[in-house]
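Subject: Structure handover

Hello,

Here is the structure I promised to pass on. My notes on what was found in it follow below.

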Amino acid sequence: MAKELKHADKATQEMFKRAQQENLETVWDRYEEQQPQCGFGTLGLCCRHCSMGPCRIDPFGDGPQYGVCGADADTIAARGIARMIAAGAAAHSDHGRDVAHTLLMVARDPNSDYSIKNEGKLKAIAAIYGIETSGKDIKKIAEEVALASLEEFGRQEGEVKIATTAPAERVKLWREQEIMPRAVDREIVEIMHRTHMGVDTDYKNIIRQGMRSAIADGWGGSMIATELSDILFGLPNPLKAKANLGVIDPDYVNVIVHGHEPTLSDIIAVVSMKDEMKKKAEKVGAKGINLGGICCTANEILMRHGIPLTGSFLQQELAIFTGAIEMMVVDVQCLMPGLDQAAESFHTKLVTTSPKAKMPGVEHVEFHEDKAVEIATNILDMAIENFKNRDNSRVYIPDESEQLVAGFTTESVFQFLGGKYRSSYRPLNDAIIAGRLRGAAGVIGCSNPNVEYEESTISMVKELIKNDVLIVTTGCNASSCAKHGLMKPDAAFKFAGQGLQEICRAVGLPPVLHLGSCVDNSRILLTLRNIVSEGGLGDDISSLPVAGAAPEWMSEKAVSIGFYFVASGVYTMIGHPLPMMGSKNLDRYLTEEIEQEVGGKWAWEIDPIKAAHKMIQHIDLKRKELKLKPMMYEQVLQPAV
Ligand code: SF4
Ligand code: MSK
């Protein structure tokens, strides 16, 4: 059995203890059982790209230094990383493609259950694609935007058009470096081709294709996912909500949506609020339907509807262990295959909905956008029906939840910082220039049992805000920050440095801003772009006093995200290094030399306080290069615990 989780939020600690008492297996137990994990895999020194292998390189130099084909450590490690980028970019981008298909369906189907909720953004995206909008019917514009977006995935030549919205200097550099993506699918396919046995063996050349694909993700597929979701489901606005397992309510039919795509979860959110559904729930003895979310699906409906955030990635099994979940509805990504065992131990009905993500023995209710309300209603009916099977003697819900403010976007940060009457990034840039704010950091990513749950994330974020660094966050890192109270406006007064406190007080912002799901890291890219265009902080993202981090990263999507931030000019820190440390050359390339090419670079540091200070050093270096004023206030707060 795994050890206790000392640094996790209290609800997780409590449920983990309970799982141990009841012999319920968790992700932490399986992690322990896997120890020691394969050293070759950890160092990126194994390859099974052909059947002459699998091959492995001896990291100590005593054994083989070449695979059967002659591939060395550099080639093998770089190919492994590139394939991680390909998988991550594919996952995000396929999400974007599905949203584009939904937009196309809405444009063409007069009876669609979805509608265009944000005409302003639709027209703004139309302008990027050169689509004429004046005097044109809104559905026609939507159709043209959807088709133009879909073309971003499959064109053969040219450039991903939406990526040209990056700062002009950045686009110029990408073109010079020949890493401007042509189309999303094309770059992913090319990674798979180049990393096939006997193709690209130059580790730098392989990584450069990786960056091209990652840019196609961040400034392409993910950006399309975010922008088209805003068009279809509405632009999020700051709102209050609650987070953690304590949002599960024993008096209600509890339904959890888990995964990533908003097409189903948004409809479930809307249908669950209907009076008719409440009445159906009342008939079985419940007070209504209580919807919650796990992972990024949670972030999507939190941002737009204020639906409570039940938990992050590592809490998916624990939520079921409360014994009060009638149904967990999953779509794609970050769904633990162990979920079915967790559900089998209770009355919870697990339902898969995407043809891309089925689980053996698990009921599959396929979701089709053209019957969205009907299918969402059926799913909720099944949950209501299951209420009677709950064993109340096994219900155990930790009394732990935290308030948060979520729903920030590139646009709403704009309004907040500019004040009601002056929508502009000027006050943000001025605060950085004047030394009231040191800079900003995007701290994002997953949670991972290979580190103490939430210790790295929370310590890093507290250390950064203590040093007047404003934080933007997404994904499961955002969930952790919310559960630890860092997304309440008064968090600034507890944890932030004086300069950041003054800003938070003036505009009523928390020091940690929730910008949404994993694909919404594109909001961070656009925020950086807007800071550059506001002026006074250099003419490219690489000159800004900013940094990025994913202290508890887990998924291949995080690798793609990291690479698109590096390729956008951002210093990017992660806890455990990428699985390639068996190649000294690749390590040096990613943490040093790559900066000469793209202005950003990677850093690895497992100690979150040291990692935060490396980020601060980088931010201070950029401040110096920009000849900005010294920081206004001395850092007087004690180290955060
Ligand atoms: Fe071994 Fe080369 Fe085949 Fe990889 S591609 S499994 S290193 S022979
Ligand atoms: S859900 S990718 S564990 S952030 Fe986006 Fe969380 Fe990471 Fe999945």
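**The sheet**

Strand 14 (residues 546-550) and strand 15 (residues 571-574) pair in the parallel sense, over 3 bridges. Two strands count as paired if DSSP finds at least two bridges between them. Helices (H or I, at least four residues) and strands (E, at least two) are DSSP runs, numbered from the N terminus. Gly548 has Thr572 of strand 15 as its bridge partner.

This is a predicted model: local features need pLDDT of at least 70, side-chain atom pairs count only at pLDDT 80 or more, and totals for chains, interfaces and linings use all residues. Residues are numbered from 1 along each chain as its sequence is written, chains are lettered from A and ligands numbered from 1 in the order in which they are written, and side-chain values use heavy atoms, with hydrogens and water left out.

The open sheet has 6 strands with parallel pairing, in the order 13-12-11-14-15-16. At its edges are strand 13 (512-514) and strand 16 (601-604), each pairing on one side only. From one strand to the next, the twist averages 25°.

**The helices**

Helix 5 (residues 119-128) and helix 9 (residues 203-233) have axes that come within 8 Å and cross at roughly 145°. Axes are lines fitted to C-alpha atoms, for helices over the stretch in contact, and angles run from 0 to 180 degrees between N-to-C directions. Lys121, Leu122 and Ile125 of helix 5 make the contact with Glu227, Asp230 and Ile231 of helix 9; contact means heavy atoms within 4.5 Å.

Regards
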